Amino acid sequence: MRTKLVAGNWKMNGNLATNQALLGTIIPRLAPLTRARYAVCAPFPYLAQVQDALRGSNIALGAQDVCQFDAGAYTGGVSAAMLAEFGCRYVIVGHSERRTVFGETDEVVARKFGAAIHHGLTPILCVGELLAEREAGVTEAVVSRQLDAVIAGCGLAALGKAVLAYEPVWAIGTGKTATPQQAQAVHAFIRARIAGADRRLADELVILYGGSVKAANASQLFAMQDVDGGLIGGASLAADEFIGICRAALDAEETVRA
Ligand code: PGA
(Lines give C-alpha, C1' and ligand atoms only; values in the text may rest on other atoms or scores of the structure.)
Protein backbone atom coordinates (compact mmCIF):
# COMPACT_ATOMS: atom_id res chain seq x y z
CA MET A 1 0.00 0.00 0.00
CA ARG A 2 1.25 3.46 -0.89
CA THR A 3 1.52 6.14 1.79
CA LYS A 4 1.09 9.81 0.86
CA LEU A 5 4.31 11.82 0.83
CA VAL A 6 4.75 15.60 0.79
CA ALA A 7 8.27 16.80 0.00
CA GLY A 8 9.24 20.46 0.16
CA ASN A 9 11.77 21.63 -2.40
CA TRP A 10 13.23 24.83 -1.01
CA LYS A 11 15.26 25.41 -4.19
CA MET A 12 17.94 28.12 -3.80
CA ASN A 13 16.16 29.93 -0.98
CA GLY A 14 16.62 30.51 2.71
CA ASN A 15 19.36 31.37 5.14
CA LEU A 16 20.30 30.18 8.62
CA ALA A 17 17.76 32.42 10.32
CA THR A 18 14.78 31.81 7.99
CA ASN A 19 15.44 28.05 7.91
CA GLN A 20 15.39 27.96 11.69
CA ALA A 21 12.17 29.95 11.86
CA LEU A 22 10.45 27.81 9.22
CA LEU A 23 11.49 24.51 10.81
CA GLY A 24 10.65 25.83 14.26
CA THR A 25 7.06 26.26 13.06
CA ILE A 26 6.54 23.18 10.91
CA ILE A 27 8.23 20.55 13.11
CA PRO A 28 5.83 20.80 16.08
CA ARG A 29 2.78 21.26 13.85
CA LEU A 30 3.48 18.21 11.72
CA ALA A 31 4.38 16.07 14.75
CA PRO A 32 0.78 14.94 15.40
CA LEU A 33 0.07 14.26 11.69
CA THR A 34 1.49 10.78 11.86
CA ARG A 35 -0.20 8.89 9.03
CA ALA A 36 1.39 10.59 6.05
CA ARG A 37 5.09 11.16 5.32
CA TYR A 38 6.93 14.45 5.00
CA ALA A 39 10.33 15.64 3.82
CA VAL A 40 12.19 18.87 3.16
CA CYS A 41 14.90 19.13 0.51
CA ALA A 42 17.36 21.81 1.57
CA PRO A 43 20.27 23.51 -0.24
CA PHE A 44 23.63 21.77 0.36
CA PRO A 45 25.17 24.30 2.79
CA TYR A 46 22.19 23.96 5.14
CA LEU A 47 21.99 20.16 5.27
CA ALA A 48 23.79 20.00 8.61
CA GLN A 49 21.57 22.68 10.11
CA VAL A 50 18.39 21.02 8.86
CA GLN A 51 19.63 17.55 9.86
CA ASP A 52 20.11 18.82 13.43
CA ALA A 53 16.74 20.55 13.53
CA LEU A 54 14.85 17.51 12.17
CA ARG A 55 16.39 15.02 14.61
CA GLY A 56 13.59 13.18 16.40
CA SER A 57 10.88 14.68 14.17
CA ASN A 58 8.64 12.91 11.63
CA ILE A 59 10.12 14.94 8.76
CA ALA A 60 12.83 13.37 6.61
CA LEU A 61 15.74 15.25 5.09
CA GLY A 62 16.44 15.46 1.38
CA ALA A 63 18.84 17.20 -0.98
CA GLN A 64 17.99 18.79 -4.32
CA ASP A 65 20.67 17.29 -6.53
CA VAL A 66 23.58 14.86 -6.43
CA CYS A 67 26.72 14.35 -8.48
CA GLN A 68 26.70 11.28 -10.72
CA PHE A 69 30.28 10.45 -9.67
CA ASP A 70 31.34 8.89 -6.38
CA ALA A 71 34.48 10.90 -5.56
CA GLY A 72 37.42 12.64 -7.14
CA ALA A 73 38.27 15.65 -9.26
CA TYR A 74 34.74 17.01 -9.79
CA THR A 75 34.91 20.58 -8.57
CA GLY A 76 31.64 21.67 -7.06
CA GLY A 77 30.21 18.17 -7.00
CA VAL A 78 28.45 16.70 -3.98
CA SER A 79 28.38 12.92 -3.83
CA ALA A 80 25.60 10.60 -2.72
CA ALA A 81 27.87 9.31 0.07
CA MET A 82 28.21 12.87 1.38
CA LEU A 83 24.45 13.32 1.35
CA ALA A 84 24.00 10.03 3.21
CA GLU A 85 26.55 11.14 5.80
CA PHE A 86 24.45 14.24 6.49
CA GLY A 87 21.36 12.17 7.10
CA CYS A 88 19.63 12.62 3.75
CA ARG A 89 17.03 10.03 2.99
CA TYR A 90 15.85 11.58 -0.28
CA VAL A 91 17.46 13.38 -3.17
CA ILE A 92 15.68 15.05 -6.06
CA VAL A 93 17.11 14.04 -9.43
CA GLY A 94 16.21 15.36 -12.86
CA HIS A 95 14.27 18.39 -11.67
CA SER A 96 13.25 20.41 -14.72
CA GLU A 97 15.41 23.32 -13.53
CA ARG A 98 18.43 20.99 -13.56
CA ARG A 99 17.44 19.73 -17.00
CA THR A 100 16.66 23.08 -18.62
CA VAL A 101 18.88 25.61 -16.78
CA PHE A 102 21.89 23.34 -16.18
CA GLY A 103 21.55 21.20 -19.30
CA GLU A 104 21.29 17.80 -17.64
CA THR A 105 20.51 15.10 -20.18
CA ASP A 106 18.37 12.02 -19.59
CA GLU A 107 21.61 10.00 -19.39
CA VAL A 108 23.14 12.24 -16.71
CA VAL A 109 19.89 12.08 -14.75
CA ALA A 110 19.99 8.27 -14.99
CA ARG A 111 23.55 8.23 -13.62
CA LYS A 112 22.58 10.51 -10.74
CA PHE A 113 19.64 8.24 -10.02
CA GLY A 114 22.01 5.24 -9.97
CA ALA A 115 24.46 7.00 -7.63
CA ALA A 116 21.65 7.80 -5.19
CA ILE A 117 20.37 4.21 -5.15
CA HIS A 118 23.90 2.86 -4.77
CA HIS A 119 24.34 4.85 -1.56
CA GLY A 120 20.99 3.95 -0.10
CA LEU A 121 19.23 7.25 -0.82
CA THR A 122 15.73 7.38 -2.25
CA PRO A 123 15.83 9.38 -5.47
CA ILE A 124 12.80 11.54 -6.23
CA LEU A 125 12.92 11.31 -10.03
CA CYS A 126 11.23 14.24 -11.75
CA VAL A 127 9.69 13.88 -15.18
CA GLY A 128 7.47 16.26 -17.09
CA GLU A 129 6.82 18.03 -20.35
CA LEU A 130 7.34 21.62 -21.50
CA LEU A 131 4.30 23.66 -22.51
CA ALA A 132 5.20 23.32 -26.20
CA GLU A 133 5.42 19.56 -25.78
CA ARG A 134 1.98 19.41 -24.14
CA GLU A 135 0.54 21.55 -26.92
CA ALA A 136 2.16 19.29 -29.51
CA GLY A 137 0.49 16.29 -27.86
CA VAL A 138 3.75 14.57 -26.94
CA THR A 139 3.45 14.59 -23.13
CA GLU A 140 3.36 10.80 -22.87
CA ALA A 141 6.28 10.39 -25.27
CA VAL A 142 8.41 12.87 -23.28
CA VAL A 143 7.64 11.30 -19.92
CA SER A 144 8.29 7.83 -21.38
CA ARG A 145 11.64 8.91 -22.79
CA GLN A 146 12.70 10.37 -19.43
CA LEU A 147 11.64 7.22 -17.58
CA ASP A 148 13.13 4.83 -20.13
CA ALA A 149 16.56 6.44 -19.79
CA VAL A 150 16.56 5.63 -16.08
CA ILE A 151 15.24 2.11 -16.62
CA ALA A 152 17.88 1.50 -19.31
CA GLY A 153 20.67 2.81 -17.08
CA CYS A 154 19.65 1.40 -13.71
CA GLY A 155 17.16 -1.39 -14.37
CA LEU A 156 13.44 -1.53 -13.75
CA ALA A 157 13.83 -2.91 -10.21
CA ALA A 158 15.65 0.29 -9.17
CA LEU A 159 12.35 2.14 -9.55
CA GLY A 160 11.15 0.10 -6.58
CA LYS A 161 13.62 2.06 -4.44
CA ALA A 162 12.57 5.44 -5.77
CA VAL A 163 9.79 7.98 -5.77
CA LEU A 164 8.60 9.56 -9.02
CA ALA A 165 7.40 13.11 -9.39
CA TYR A 166 5.35 14.21 -12.38
CA GLU A 167 6.02 17.92 -12.78
CA PRO A 168 4.65 19.56 -15.91
CA VAL A 169 7.24 22.28 -16.56
CA TRP A 170 4.53 24.81 -17.47
CA ALA A 171 3.07 24.46 -13.98
CA ILE A 172 6.29 24.95 -12.00
CA GLY A 173 6.47 28.29 -10.24
CA THR A 174 3.89 29.75 -12.64
CA GLY A 175 0.79 29.58 -10.47
CA LYS A 176 -0.77 27.41 -13.21
CA THR A 177 -1.52 24.09 -11.57
CA ALA A 178 -2.43 21.11 -13.71
CA THR A 179 -6.06 20.22 -13.09
CA PRO A 180 -6.53 17.15 -10.94
CA GLN A 181 -7.72 15.34 -14.08
CA GLN A 182 -4.64 16.38 -16.09
CA ALA A 183 -2.37 15.19 -13.29
CA GLN A 184 -4.30 11.95 -12.82
CA ALA A 185 -4.15 11.17 -16.55
CA VAL A 186 -0.36 11.35 -16.66
CA HIS A 187 0.09 9.57 -13.32
CA ALA A 188 -2.18 6.74 -14.52
CA PHE A 189 -0.24 6.59 -17.79
CA ILE A 190 3.07 6.27 -15.92
CA ARG A 191 1.72 3.61 -13.59
CA ALA A 192 0.17 1.61 -16.43
CA ARG A 193 3.39 1.76 -18.41
CA ILE A 194 5.39 0.36 -15.51
CA ALA A 195 2.65 -2.17 -14.75
CA GLY A 196 3.20 -3.54 -18.24
CA ALA A 197 6.62 -4.71 -17.04
CA ASP A 198 5.93 -5.30 -13.32
CA ARG A 199 2.44 -4.85 -11.89
CA ARG A 200 3.44 -5.13 -8.26
CA LEU A 201 6.21 -2.54 -8.59
CA ALA A 202 3.76 -0.20 -10.33
CA ASP A 203 1.13 -0.65 -7.62
CA GLU A 204 3.61 0.27 -4.91
CA LEU A 205 5.32 3.13 -6.72
CA VAL A 206 4.74 6.52 -5.09
CA ILE A 207 4.11 9.14 -7.79
CA LEU A 208 4.05 12.75 -6.57
CA TYR A 209 2.59 15.68 -8.45
CA GLY A 210 4.53 18.94 -8.54
CA GLY A 211 3.76 22.35 -10.01
CA SER A 212 2.10 25.21 -8.12
CA VAL A 213 0.60 23.00 -5.40
CA LYS A 214 -0.88 25.15 -2.64
CA ALA A 215 -2.95 24.49 0.48
CA ALA A 216 -6.00 25.56 -1.55
CA ASN A 217 -5.62 23.00 -4.35
CA ALA A 218 -3.80 20.12 -2.62
CA SER A 219 -6.90 18.23 -1.46
CA GLN A 220 -8.34 17.93 -4.97
CA LEU A 221 -5.02 16.78 -6.40
CA PHE A 222 -4.37 14.27 -3.59
CA ALA A 223 -7.88 12.83 -3.98
CA MET A 224 -6.90 11.49 -7.40
CA GLN A 225 -6.33 7.76 -7.40
CA ASP A 226 -2.78 7.81 -8.76
CA VAL A 227 -1.54 11.01 -7.10
CA ASP A 228 0.38 9.92 -4.02
CA GLY A 229 1.38 13.32 -2.68
CA GLY A 230 3.27 16.38 -3.82
CA LEU A 231 6.65 17.91 -4.52
CA ILE A 232 6.22 21.47 -3.32
CA GLY A 233 8.37 24.41 -4.37
CA GLY A 234 7.22 27.94 -3.51
CA ALA A 235 4.57 26.88 -1.01
CA SER A 236 7.13 24.89 1.01
CA LEU A 237 8.75 28.16 2.11
CA ALA A 238 5.59 29.44 3.82
CA ALA A 239 4.93 27.50 7.01
CA ASP A 240 1.12 27.76 6.94
CA GLU A 241 0.92 26.79 3.27
CA PHE A 242 3.22 23.81 3.71
CA ILE A 243 1.37 22.63 6.81
CA GLY A 244 -1.94 23.01 4.96
CA ILE A 245 -0.63 20.82 2.14
CA CYS A 246 0.62 18.23 4.64
CA ARG A 247 -2.81 18.21 6.29
CA ALA A 248 -4.43 17.64 2.91
CA ALA A 249 -2.14 14.63 2.40
CA LEU A 250 -3.04 13.30 5.84
CA ASP A 251 -6.77 13.72 5.15
CA ALA A 252 -6.42 11.95 1.80
CA GLU A 253 -4.47 9.16 3.49
CA GLU A 254 -7.12 8.75 6.17
CA THR A 255 -9.89 8.68 3.55
CA VAL A 256 -8.10 5.87 1.69
CA ARG A 257 -7.60 3.88 4.89
CA ALA A 258 -11.16 4.35 6.17
P1 PGA B 1 6.37 25.09 -7.39
O2 PGA B 1 7.63 24.17 -7.70
O3 PGA B 1 5.56 24.38 -6.33
O4 PGA B 1 6.95 26.38 -6.93
O5 PGA B 1 5.60 25.21 -8.67
C6 PGA B 1 7.53 22.77 -7.73
C7 PGA B 1 8.87 22.16 -8.02
O8 PGA B 1 9.64 22.76 -8.79
O9 PGA B 1 9.22 21.09 -7.50
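Trainee: Why is C88 called buried in this predicted model?
Mentor: C88 has a relative accessible area of 7%. Buried means under 20%, so C88 counts as buried.

Trainee: How do you know that C88 is in no disulfide?
Mentor: The nearest cysteine sulfur to C88 is that of C41, 8.0 Å away. A disulfide needs two cysteine sulfur atoms within 2.5 Å, so C88 is in no disulfide. A search of the whole structure finds 0 disulfides.

Trainee: What makes C126 a cysteine in no disulfide?
Mentor: For C126, the nearest cysteine sulfur is that of C41, at 9.1 Å. With the cut-off at 2.5 Å, C126 is therefore in no disulfide.

Trainee: Is C126 buried or exposed, and why?
Mentor: The relative accessibility of C126 is 2%. The limit for buried is under 20%, so C126 counts as buried.

Trainee: Which residues line the largest cavity?
Mentor: C126 is one of them, and the others include G94, S96, R99, V127 and E167. The volume of the largest cavity is about 30 Å³. A search of the whole structure finds 1 cavity of 30 Å³ or more.

Trainee: What is the volume of the largest pocket, and what lines it?
Mentor: The largest pocket has a volume of about 370 Å³. Its lining has 14 residues, and K11, M12, Q64, R98 and F102 lie nearest the centre. By class, the lining divides into 7 nonpolar, 3 polar and 4 charged residues.

Trainee: Which residues come nearest to the ligand?
Mentor: There are 13 residues around the ligand, and K11, H95, E167, G173 and S212 come nearest. The shell has 4 nonpolar, 7 polar and 2 charged residues.

Trainee: How much of the ligand does the protein bury?
Mentor: Taken alone, the ligand exposes 280 Å², and the protein buries 95% of that.

Conventions: Residues are numbered from 1 along each chain as its sequence is written. This is a predicted model: local features need pLDDT of at least 70, side-chain atom pairs count only at pLDDT 80 or more; totals for chains, interfaces and linings use all residues. Side-chain values use heavy atoms; hydrogens and water are left out. A residue is near a molecule or strand if one of its heavy atoms lies within 4 Å of it. Accessible areas come from the Shrake-Rupley method with a 1.4 Å probe; for residues, only the protein chains shown count as cover. Ala, Val, Leu, Ile, Met, Phe, Trp, Tyr, Cys and Pro count as nonpolar, Asp, Glu, Lys and Arg as charged, and the others, Gly among them, as polar. On a 1 Å grid over the protein atoms alone, a cavity is a set of points where a 1.4 Å probe fits but cannot get out, and a pocket is an open set with protein on both sides within 12 Å along at least five of seven lines; lining residues have an atom within 4 Å of a point. Grid points are joined across faces, edges and corners, and a volume is the space filled by probe spheres set on the points. Buried means under 20% relative accessible area, exposed over 50%, partly exposed in between (1.4 Å probe, protein chains only).
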